[in-house]
Amino acid sequence: MNGDGKSDDLIVPEKPANKGAFAPAEWAEERRSTKGNLQDRNMDRTQSRATMPSALERIREAARKDRGLRFTSLWHHVYDTNRLAEAYRSLRPEAAVGVDGVTWRDFGRGLRDNLEDLSARLQRGAYRAKPVRRVEIPKADGGIRPLGVPSLEDKIVQKATLMVLESIYEVDFLGFSYGFRPGKGPHRALDAVSVGVERLKVNWVLDADIRGFFDAIDHEWMIRFLEHRIGDQRVIRQIRKWLKAGALVEGKVEHSEAGTPQGGIISPLLANIYLHYVFDLWAHQWRNRRAVGAVMIVRYADDFLVGFESKRDAALFQNDLVERFKRFGLELHSDKTRLIEWGRRAATNRRRRNEGKPETFSFLGLRHFCTTDRKGWFKVGRRSDKARMRKKLQGIRAELRRRMHEPINLVGKWLQRVLRGYYAYYAVPGNLHLLRVFRKQVVRAWLLVLKHRGQKDRTTWRYMRKLKRQYIPQPNVMHPYPSERLRV
């Protein structure tokens, strides 16, 4: 970076496609056009609910027209009471409470007065961010993920700030970034992997994971990246307050010079901004300037895959990436980062060397493997990651034991919701077999619990089949084939 905080090599390109003749996995998605511009004077001085969307559209259009524009007047869009009200309504009423103990319904009892008071404090700079409440949840790999639960007012202000900043950064983010973005999601990222590997000359895959990413974000770099686009120091100061607020752990507030709490509403956007400058722009430039063959990139938050035609490119990229991350306080997780031979030629090449089948990798909960269709053409196979499936089954068994003496119809309706939610994510083409195995294990777990409700329990398989038909839904494919979803 140069002296004024700008990076010499951080060039914001047009939304790119992967190298190759046909790579829809990274093509930019069109957004509807907007009318008007920032100079229009026909808006109300105080925004009404009807005029509020046009303000964000004007910001978006200005960001689109000038990729180097710094926005110097954004804070009034955040503390507008209509936007704060919209932010409040978007929150989940049943979400966990922060250190203030205020619930969504508590705040809503005097909503108008509460929002006006919050807006006034934001306007005069009297608003203070509260520390997050630390909550630890188990991870699928046996580790612990610390989550930070903000106070309700912080949730509202963060949501309002998110709405404003997304209008700017959704224009800047590249096509291969899929995490926590409107209109995108994990299944689009998964489909991009399948389409990219099948239609590009991918022979090697770097399956990468960043060690403790959310805890490693450097605050000063974060602010410098934000200042590329945000010139309103009131917005910058508020984000700095959230970064510095700390976490309440066992009655004591712990502060850190790095990291942003997972669980904060604005944290995913800040993470995307950080990786946009540290990884996305750099990786896009790298494949244009240094790669010899085709390169495919798919990133979902801090999980990303990079596919290469050439092993030379793959090794060089990995070495350069380690140095790039070191500069910004990040590190690749050595146990979870692998460079593997993978793609349409992998099976043939490994068979020739007597090395067995190609390795598999897990991405966003699905295990990916090399296979062929009925005509013998290469395709990407996907199935549930068995470690995650076992973890989910363990959680269901534990909850069934806790609900052992509840009425059967209530437990059945709960299981019905659980399975439908599980199918909604994992019911991709080619994964029905493991979904049926999952369903069978859930039924078996329920039967064992019912048999332990009392010494004289006479639950039979005949009765269980009746319960299964009534409450346990059959899995069906709920997602299209990747090439259909990403068809242009």
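1. A salt bridge here is a side-chain nitrogen of Lys or Arg within 4 Å of a carboxyl oxygen of Asp or Glu. With that in hand, and bearing in mind that this is a predicted model, have a look at Glu153 and Arg121: their closest N and O atoms are 2.6 Å apart, so under that cut-off they form a salt bridge. Glu153 sits in helix 6 (residues 152–172) and Arg121 in helix 5 (residues 111–124), so the pair ties together parts that are 32 residues apart in sequence. Both ends are tucked away: Glu153 counts as buried at 14% relative accessibility, and Arg121 is buried too, at 16%.

2. That pair is one of 26 salt bridges in the structure. Another joins the side chains of Glu331 and Arg211, with 3.7 Å from N to O. Glu331 is in the loop between helix 12 and strand 8, while Arg211 is in the loop between strand 3 (204–209) and helix 8 (213–216), so this bridge ties together parts 120 residues apart in sequence. Neither end is buried: Glu331 is partly exposed at 45% relative accessible area, and Arg211 counts as partly exposed at 36%.

3. Next up is Arg338 with Glu359, whose side chains meet in a salt bridge at 3.0 Å, N to O. Arg338 belongs to strand 8 and Glu359 to the loop between helix 13 (346–352) and strand 9 (361–363), which puts them 21 residues apart. Arg338 counts as partly exposed at 27% relative accessibility, and so does Glu359 at 36%. While you're here, check Glu341, Arg350, Arg353 and Glu355 as well: salt bridges with shared partners join them into one network.

4. Now the rings. The structure holds 24 aromatic pairs. Take Trp221 and Phe328, which pair edge-to-face, 4.7 Å centre to centre with 65 degrees between the planes. Trp221 lies in helix 9 (residues 219–226) and Phe328 in the loop between helix 12 (311–327) and strand 8 (338–341), so the contact ties together parts 107 residues apart in sequence. Trp221 counts as buried at 16% relative accessibility, as does Phe328 at 3%.

5. Ring pairs link Trp221 and Phe328 into a cluster with Phe213, Phe214, Phe225, Tyr274 and Tyr277. Arg224 also lies over the face of Trp221, 4.7 Å from the ring centre. Elsewhere, Arg383 is placed over the face of Phe369, at 4.5 Å from the ring centre.

6. Is the pair of Tyr422 and Phe438 stacked or edge-to-face? Stacked, at 3.9 Å centre to centre and 5 degrees between the planes. Tyr422 comes from helix 15 (residues 408–426) and Phe438 from helix 16 (residues 432–451), so the pair ties together parts 16 residues apart in sequence. Tyr422 is buried at 7% relative accessibility, and Phe438 is buried at 0%.

7. Helix 16 itself has 20 residues and spans 29 Å from first C-alpha to last, close to the 28 Å expected. Its buried residues include Leu434, Leu435, Phe438, Arg439, Val442 and Trp446. What covers the buried residues of helix 16 includes strand 11 (378–384), helix 14 (386–402), helix 15 and helix 17 (461–471).

8. Last one: Ile266, in the loop between strand 5 (252–254) and helix 11 (267–289). Ile266 counts as buried at 2% relative accessibility. Leaving out residues up to four places away in sequence, Ile266 touches Gln158, Thr161, Leu162, Leu165 and Trp242. Ile266 and Trp242 are 24 residues apart in sequence and 9.3 Å apart in space, C-alpha to C-alpha.

Key
Residues numbered from 1 in each chain as written. Predicted model: local features only at pLDDT ≥ 70, side-chain atom pairs only at ≥ 80, totals over all residues. Heavy atoms only, no water. Phe/Tyr/Trp six-rings, centres within 6.5 Å; stacked < 30°, edge-to-face > 60°. Helix = DSSP H or I, 4+ residues; strand = E, 2+ residues; numbered from the N terminus. Buried < 20%, exposed > 50% of the residue type's maximum accessible area, 1.4 Å probe, protein only. Lys NZ or Arg CZ within 6 Å of the ring centre and 35° of its normal. Contact = heavy atoms within 4.5 Å. Expected span 1.5 Å × (residues − 1).
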